[in-house]
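Subject: Handover of a structure and its findings

Dear colleague,

Please find the structure below, together with its sequence. My findings follow it, and I would be grateful if you read them with the structure open.

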Amino acid sequence: MWICLNDAFVSIVAHRRDPDFLLVRARRDGDIQRAFPDCLPDVFTDEEADYFYRALISKKVVAAELSKQIMGIDYDNFKDSVSDRELHDAYVDIWWRMLWLQADRLGLANRPTLPFTRS
């Protein structure tokens with residue numbers, strides 16, 4: 001599961017050995033702590049993994065923390081709520097790709113033109 005917060009991006013997957021825990025992963029230093037500020041997870045690094053920053057957090061804590069994030073939403077436009085320019089631009093990339101997917105699925109002849117092409 002990808003979680004796009006206005007100050008952090010994390011990927012959450014099942015822990016392979018303990019079904020009560022989740023592996024929370026991030027590409028940027030500090031994102032896990034920003035996503036889970038009340039539990040202060042022990043973040044470790046794995047230089048050989050695709051997500052360098054990682055933390056093991058119980059499912060109950062992840063659910064409680066994400067619920068707090070949801071209850072704290074006070075914006076009516078997510079992209080405009082992201083002040084970190086680098087993170088904002090990454091989210092805009094995702095937004096464009098999903099707009100394209102929507103247009104493609106609807107069979108729209110005038111599919112939006114992506115503002116960039118990445119290989």
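I begin with the cysteines. Cys39 has a relative accessibility of 26% and therefore counts as partly exposed. Cys4 is likewise classed as partly exposed, at 32% relative accessibility. A search of the whole structure returns zero disulfides. Please bear in mind throughout that this is a predicted model.

Next come the charged side chains. Side chains of opposite charge can pair when their charged atoms come close. The structure contains seven salt bridges. One of them joins Asp38 to Lys68, with 3.0 Å between the closest N and O atoms. This pair links distant parts of the chain, its members being 30 residues apart: Asp38 sits in the loop between α1 (31-35) and β4 (44-45), while Lys68 belongs to helix α2 (residues 59-71). Asp38 is exposed, with a relative accessibility of 53%, whereas Lys68, at 47%, is partly exposed.

Lys68 also meets the side chain of Glu65 in a salt bridge, at 3.6 Å from N to O. Here both residues belong to helix α2 and stand three residues apart, which is about one turn of the helix. Glu65 has a relative accessibility of 6%, so this residue counts as buried.

A further salt bridge is formed by the side chains of Asp50 and Arg54, with an N to O distance of 3.6 Å. Arg54 is buried, its relative accessible area being 10%.

I turn now to the nonpolar residues. In soluble globular proteins, nonpolar side chains tend to be buried together. In this model, the largest nonpolar core comprises 16 residues, and those with the most contacts inside it are Val10, Ile12, Val24, Ile32, Phe36 and Val62. Two or more residues of this core come from each of the elements β2 (9-14), β3 (21-26), α1, β5 (53-58) and α2. Apart from this core lies another, made of five residues, including Phe9, Val82, Leu87 and Tyr91.

What does Ile12 touch, if residues up to four places away in sequence are not counted? Its contacts are Met1, Ile3, Leu22, Leu23, Val24, Phe36, Val62 and Leu66. Two of these partners, Val24 and Phe36, are also named among the core residues with the most contacts.

Is Ser58 buried or exposed? With a relative accessibility of 17%, Ser58 counts as buried, because the cut-off for that class is under 20%. Ser58 is located in strand β5 and touches Asp20 and Phe21, leaving aside residues up to four places away in sequence.

Finally, there is a nonpolar feature on the surface. Trp2, Ile94 and Met98 make a nonpolar surface patch of about 330 Å². Trp2 is part of strand β1 (residues 2-4). This tryptophan is exposed, since its relative accessible area is 55% and exposed residues are those over 50%.

With kind regards

Notes. Residues are numbered from 1 along each chain as its sequence is written. This is a predicted model: local features need pLDDT of at least 70, side-chain atom pairs count only at pLDDT 80 or more; totals for chains, interfaces and linings use all residues. Side-chain values use heavy atoms; hydrogens and water are left out. A salt bridge is a side-chain nitrogen of Lys or Arg within 4 Å of a carboxyl oxygen of Asp or Glu. Helices (H or I, at least four residues) and strands (E, at least two) are DSSP runs, numbered from the N terminus. Buried means under 20% relative accessible area, exposed over 50%, partly exposed in between (1.4 Å probe, protein chains only). Patches are made of residues with over 30% relative accessible area and no salt bridge: like charges are joined within 9 Å, nonpolar side chains (Val, Leu, Ile, Met, Phe, Trp, Tyr) within 5 Å. Accessible areas come from the Shrake-Rupley method with a 1.4 Å probe; for residues, only the protein chains shown count as cover. A nonpolar core is a set of buried Ala, Val, Leu, Ile, Met, Phe, Trp, Tyr and Cys residues joined through side-chain atoms within 4.5 Å. Contact means heavy atoms within 4.5 Å. A disulfide is a pair of cysteine sulfur atoms within 2.5 Å.
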